[in-house]
Amino acid sequence: DGDSNAGGKRTFKGEDCYRQHGSGPSIHRVCLSCEAVAAHQEAWALLGDRPIESLTDLPLMTDPDSKVVMSALASLFPKAFVTDNHLLIINVSRMVPLSLRHGFTDAAVQGYGWFGVMTGMFFKRYQEGYAFCILARTFVEKYKLSAFSASALLSLRGFSYWTQPFSAVQELVVSGYQQGLQSGDFYVASYCASLSVANLLSMGHDLEDVYQESLDRGEFISKAGIVDPKDRLLLFQAFVQQLRGHPLAFGTLSWDCFDERAFEAQMTPRRMSGTRAWYWVIKPQSRFMCGAFEEALEAGARAAELTWSMIGSPNLIELHFYRALTLAACFERAEPEQQRRFLEDIQRHQHQLAEWAEQCPANFPARGRMVAGEWARITGRSEEATRAYEDAIQAARDTGATQVVGVASGLAANIWP
């Protein structure tokens with residue numbers, strides 16, 4: 001179940017190629033190794049001018065040696081996914097050229113799908129990335145590869161947060177859950193079940209409905225017995241209960257079924273990086289909602305160390321959003337040099353959210369405009385801030401994101417006497 005994840009992100013020796021990116025150890029920049037960049041470029045060079053959708057006409061792979069290599073690369077994928085973005089890019093960027101040269105085989109589904117995710121998230125080619133994710137699903141449908149259906153949906157889901165409305169992503173997650181059940185892939189089904197709860201929370205659904213969803217999905221997750229989805233679900237439940245006003249004390253995630261201190265003590269490097277990332281993204285949201293901004297700032301710094309593990313996950317969105325809001329909330333009490341850094345970081349978060357809003361106007365404008373409003377507020381541009389808050393509130397209402405409306409309304413109140 002991935003609990004024994006290698007303790008951190010391995011780095012490559014030798015010269016690095018630097019690329020600006022919206023995530024990474026410092027949140028705003030990730031350094032891709034030359035090997036990763038070269039492998040990705042090789043795949044695109046081999047593709048040439050061929051439309052991505054035309055790859056469905058590739059012949060089937062018949063060379064036995066190529067099949068062995070593809071299977072070996074596919075077996076490496078899970079380890080690369082939880083340990084190192086560089087290795088993950090190289091892994092999927094080797095699978096795609098192998099298929100382009102020697103034809104399609106079922107093991108290539110994973111490679112095409114996650115090559116799409118990497119293309120969008122690391123190389124800013126969002127539309128091409130989405131096309132590769134669709135290609136992976138098309139291969140599954142064309143060759144009736146039911147055993148690979150959940151895998152194709154996972155990559156498509158992982159990238160759709162940045163290209164499709166949250167409601168469409170939720171449909172993919174539910175479909176992935178159902179496909180996992182049908183194919184007996186309880187690992188995928190369990191992760192999709194827990195993620196469906198996180199999605200509803202991000203979409204701003206009624207908290208009572210979100211909590212009920214967590215109970216319904218929890219029955220299956222408990223029976224499946226996979227540790228990380230179970231722990232993530234408990235974390236999501238705790239946050240929902242806090243927002244509903246049911247924690248043991250104000251300013252904590254703890255309630256009858258969740259002990260925050262004990263849970264945090266388990267978040268060691270031996271645990272799966274994705275689960276640790278979820279905890280350190282949820283905690284600053286929790287503290288921000290309670291007005292414990294210094295605690296939120298500290299927890300957000302822990303989350304920033306794990307951004308490399310958030311590729312294809314909505315927690316990357318919430319990290320950018322709440323990290324920016326927290327920096328703005330701490331601005332007035334900061335020293336001058338800290339204030340300068342805070343302003344720079346807030347602008348970077350704002351630019352990242354704005355970039356994503358260009359790709360998917362349904363998901364990001366409210367969050368981006370809120371951050372813009374906070375930047376304007378702390379720099380003395382009250383009229384600009386007011387307009388930004390009004391834009392954010394309207395955008396959140398348009399998508400039915402109740403909690404986002406509440407946050408925006410609360411922030412807007414800060415500029416009024």
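Q: Is tyrosine 322 buried or exposed in this predicted model?
A: The model is predicted, and the relative accessibility computed for tyrosine 322 is 8%. Because buried means under 20% relative accessible area, tyrosine 322 at 8% counts as buried.

Q: What kind of aromatic pair do phenylalanine 288 and tyrosine 322 form?
A: The ring centres of phenylalanine 288 and tyrosine 322 lie 5.7 Å apart, and a pair needs centres within 6.5 Å. Planes over 60 degrees apart count as edge-to-face, so with its planes at 70° the pair of phenylalanine 288 and tyrosine 322 is edge-to-face.

Q: How many residues apart in sequence are the parts that phenylalanine 288 and tyrosine 322 tie together?
A: Phenylalanine 288, which counts as buried at 9% relative accessibility, lies in helix H12 (residues 273-290). Tyrosine 322 lies in helix H14 (residues 315-330), so the pair ties together parts whose separation in sequence is 34 residues.

Q: How many of the 18 residues of H12 are buried?
A: H12 reaches 26 Å from its first C-alpha to its last, close to the 26 Å expected at 1.5 Å a residue. Just after H12, glycine 291 takes a positive phi of about 80°. H12 itself is mostly covered, and the number of its 18 residues that are buried is 17.

Q: Which cysteine has the sulfur nearest to that of cysteine 290?
A: The structure holds zero disulfides, and cysteine 290, although buried with a relative accessible area of 17%, is in no disulfide. A disulfide would need sulfur atoms within 2.5 Å, whereas the nearest cysteine sulfur is 14 Å away and belongs to cysteine 330.

Q: Which ring does the charged end of arginine 367 sit over?
A: For a charge to sit over a ring, CZ of Arg must be within 6 Å of the ring centre. The charged end of arginine 367 is 5.7 Å from the centre of the ring in question, which is that of phenylalanine 321.

Definitions and conventions. Residues numbered from 1 in each chain as written. Predicted model: local features only at pLDDT ≥ 70, side-chain atom pairs only at ≥ 80, totals over all residues. Heavy atoms only, no water. Phe/Tyr/Trp six-rings, centres within 6.5 Å; stacked < 30°, edge-to-face > 60°. Helix = DSSP H or I, 4+ residues; strand = E, 2+ residues; numbered from the N terminus. Buried < 20%, exposed > 50% of the residue type's maximum accessible area, 1.4 Å probe, protein only. Lys NZ or Arg CZ within 6 Å of the ring centre and 35° of its normal. Expected span 1.5 Å × (residues − 1).
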